[in-house]
Amino acid sequence: MNKIKIMQSSVAKWNRIIEGKGTDGGVLDCPPCRIYYPVICTGCPIAEYGGKKFCKASPYPEWYHHQNNVHGFLRRKIYCPECLRLATEMRDYMIEIVEYLKQKEIEQQKAAAKSDESVNDCC
Ligand SMILES: [Zn+2]
């Protein structure tokens, strides 16, 4: 599966949470976790982008701790303005990664086009 599509479904997951229509099931309903968690985050776009495994470089730990500390280990969803702020940060971080992956794809295509040209030059 295409990494950009995986991250877009992650954006959709957080949008549902922000709209109050969804909850956060962590690893169980995180689109990249379903693929990369069993291999301990190897190849996960979030881990690659932040440079840390288990979403430690993302806004996720803050959201997780806020949920547990303030809302007492209930289902993780929007309960207060702080929840909304943290979920929005997480959604925006997912968008940032989608944009980063798109940019990387464009650069790879450019690089591939260039190497085609150089082949033409010497043959
Ligand atoms: Zn809250």
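**Helix H4**

I looked up the buried residues of H4 and found Tyr60, Trp63 and Gln67. Buried here means 20 or more other C-beta atoms within 10 Å of the residue's own; exposed means 12 or fewer, partly exposed is in between, and C-beta atoms are placed from the backbone. The three cover an arc of only 65° around the axis, which puts them on the same side of H4. I take the arc from the directions that run from the helix axis to the C-beta atoms. An α-helix has 3.6 residues a turn, so residues three or four places apart point the same way. On the face turned away from the buried side of H4 I noted the exposed residues His65, Asn69 and Val70.

I then checked the length of H4, residues 60-71. At 1.5 Å a residue its 12 residues should span 16 Å, and the end C-alpha atoms are 16 Å apart, which agrees. The expected span is 1.5 Å times one less than the number of residues. Gly72 follows H4, with a positive phi near 60°.

**Ground rules**

I am reading a predicted model: local features need pLDDT of at least 70, side-chain atom pairs count only at pLDDT 80 or more, and totals for chains, interfaces and linings use all residues. Residues are numbered from 1 along each chain as its sequence is written. Helices (H or I, at least four residues) and strands (E, at least two) are DSSP runs, numbered from the N terminus.

**Helix H1**

H1 covers residues 3-18. Its 16 residues should span 22 Å at 1.5 Å each; I read 23 Å between the end C-alpha atoms, which agrees. I listed its buried residues as Ile6, Met7, Ser10, Lys13, Trp14 and Ile17. Seen down the axis of H1, they fall within an arc of 105°, so they line one face of the helix. Gly20 follows H1, and its phi is positive, near 80°.

**Ile40**

I found Ile40 in the loop between helix H2 (31-36) and helix H3 (45-50). Is Ile40 buried or exposed? Ile40 counts as exposed because it has 10 C-beta neighbours inside 10 Å. Its C-alpha atom is 7.9 Å from that of Phe54, 14 residues away along the chain.

**Whole chain**

I counted 5 helices and 0 strands in the protein chain. The radius of gyration is 18 Å, well over the 14 Å of the globule rule for 123 residues, so the chain is more spread out than a compact globule. That radius is taken over C-alpha atoms, and the rule is 2.2 Å times the number of residues to the power 0.38. The C-alpha trace spans about 70 × 25 × 20 Å along its principal axes. Buried residues make up 25% of the 123.
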